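Here is a note for a colleague who is opening this model for the first time. Please read it with the structure on screen.

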Amino acid sequence: MLAGVVVILATVLSAVRTTVLPRGVPSRLSRFVFVLVRWAFQFRVGRAPTYDLRDRVYANYGPFALLFLLQSWLLLVYGGFVLAQWAAEPARGLGDALIMSGSSLLTLGFDVPRGGLSIALAFVEASIGLLLVTLLISYLPVIYAAFSRREAVVAKLEVRAGSPPTCLELLTRAWRLERFDRLTTTWGELEMWFVDIEESHTSFAALVFFRSPQPEHSWITAAGAVLDSAALLAAVLDVPRDVEAELCIRSGYLALRRIADFFQIPYPADPRPGDPISISRDEWETVVDGLASAGLPVRADRERAWRDWAGWRVNYDRPLIALGMLAQAPYAPWSTDRSLADFRSPPMFLRKQ
């Protein structure tokens with residue numbers, strides 16, 4: 001009886017943490033299910049020759065894992081009540097306990113309990129079964145509403161930053177279209193987008209694995225392009241200071257860090273401007289040269305600009321790359337085109353190339 005009660009309570013607690021609790025509290029059961037399903041998908045993908053094939057397979061991962069999680073909840077509740085019913089009426093045997101628990105959980109009603117405790121357990125099991133199904137039914141619209149808000153901004157960013165999105169394209173296109181002064185409003189909108197992502201992707205962690213409708217789109221690569229663009233504006237371009245851009249960076253790296261915290265991804269809690277980043281000085285110089293070639297005003301002191309930009313980037317570098325690897329995001333420069341092994345030591349990236 002005690003073992004059955006423990007299984008039931010642990011399962012219900014997992015369901016409440018996953019679907020009801022309005023904060024990012026990891027559930028061991030949910031984590032186990034998602035990891036197990038991920039292994040199955042990785043085995044299916046194997047050494048896929050193209051990204052398109054991997055994308056088509058992983059597009060099913062998030063939704064499939066959610067449905068498998070519901071099935072896991074139901075099976076565990078079923079097993080827990082089998083043990084409880086068997087303990088309540090041991091004379092009827094394990095076979096009758098299996099039938100009784102299934103009949104109660106699915107409210108089929110083809111078997112009737114006899115003892116008072118067995119009847120109470122049947123009522124409790126039926127209510128829990130209905131509760132679990134109701135929770136998932138109410139959970140899905142909330143997930144897809146958050147998904148829709150996220151993807152609207154990702155699609156809009158393609159217009160401004162290209163596909164895959166890049167910081168160079170975002171800034172030069174705004175400059176060419178004479179909309180550079182309107183970027184202040186854009187940074188404010190993107191700050192709120194990061195706030196929404198932080199709240200939704202920690203409360204409903206499955207959203208991290210829900211892929212964009214377009215294979216080349218991703219919320220992670222979009223976040224990287226936005227943060228790098230705002231950091232270039234703050235550190236490299238010789239224009240009046242835009243506080244909204246700096247607030248957008250802070251909102252972005254806080255969002256990425258808190259999502260990383262949920263998945264127990266390590267990163268420096270208090271990074272310093274001289275800490276390693278995954279972007280080399282040569283890569284940065286190429287982008288800055290591109291900005292200058294497009295006519296944007298670049299600061300003359302590139303050494304100072306590099307240090308300032310690297311000081312911004314270090315705040316979100318590791319979480320951005322780790323989340324891109326976790327979600328199998330599509331290719332984009334400075335985010336999913338590298339791994340955590342690509343971090344440079346300070347002597348390398350501070351040296352003038």
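**Pockets, core and cavities**

1. The largest pocket is lined by 23 residues. Nearest its centre lie Arg 31, Phe 34, Ala 205, Phe 262 and Phe 263. A pocket is an open set of points on a 1 Å grid over the protein atoms alone, with protein on both sides within 12 Å along at least five of seven lines; lining residues have an atom within 4 Å of a point. Helix H1 (2-19), helix H2 (28-45), helix H4 (61-88) and helix H8 (183-203) each give two or more residues to this lining. Helices are DSSP runs (H or I, at least four residues), numbered from the N terminus.

2. This is a predicted model: local features need pLDDT of at least 70, side-chain atom pairs count only at pLDDT 80 or more, and totals for chains, interfaces and linings use all residues. Residues are numbered from 1 along each chain as its sequence is written, and side-chain values use heavy atoms, with hydrogens and water left out.

3. Back to the largest pocket. Its volume is about 330 Å³, where a volume is the space filled by probe spheres set on grid points joined across faces, edges and corners. H2 supplies the largest share of the lining, five residues. By class, the lining has 15 nonpolar, five polar and three charged residues. Ala, Val, Leu, Ile, Met, Phe, Trp, Tyr, Cys and Pro count as nonpolar; Asp, Glu, Lys and Arg as charged; the others, Gly among them, as polar.

4. The second largest pocket has a volume of about 190 Å³. Its lining includes Arg 160, Arg 173, Arg 179, Arg 182 and Glu 189. Five charged residues stand there beside five nonpolar and two polar ones. Helix H6 (116-161), helix H7 (167-176) and H8 each supply at least two lining residues. H8 gives the most, four residues.

5. Which residues have the most contacts inside the largest nonpolar core? They are Leu 171, Trp 187, Trp 193, Trp 219, Leu 232, Trp 284 and Trp 309, in a core of 94 residues. H6 brings the largest share, twelve residues. Such a core is a set of buried Ala, Val, Leu, Ile, Met, Phe, Trp, Tyr and Cys residues joined through side-chain atoms within 4.5 Å; buried means under 20% relative accessible area (1.4 Å probe, protein chains only).

6. Take Trp 193 from that core. Leaving aside neighbours within four places in sequence, Trp 193 is in contact (heavy atoms within 4.5 Å) with Arg 149, Arg 150, Val 153, Val 154, Trp 219, Ala 222 and Ala 223.

7. Four cavities of 30 Å³ or more are present. A cavity is a set of grid points where a 1.4 Å probe fits but cannot get out. The largest cavity has a volume of about 90 Å³. Of its 14 lining residues, Phe 210, Arg 211, Ser 218, Ala 327 and Ala 329 are the closest to its centre. Eight of the lining residues are nonpolar, four polar and two charged.

8. The second largest cavity holds about 50 Å³ of space. Among its lining residues are Trp 86, Arg 92, Asp 96 and Met 100. H5 gives the most to the lining, with four residues. The classes divide into three nonpolar, three polar and three charged.

9. A word on confidence. The mean pLDDT (the predictor's confidence in each residue, from 0 to 100) is 87, and 93% of residues reach 70 or more. Over residues 344-353 the pLDDT is below 50.

Key
Buried means under 20% relative accessible area, exposed over 50%, partly exposed in between (1.4 Å probe, protein chains only).
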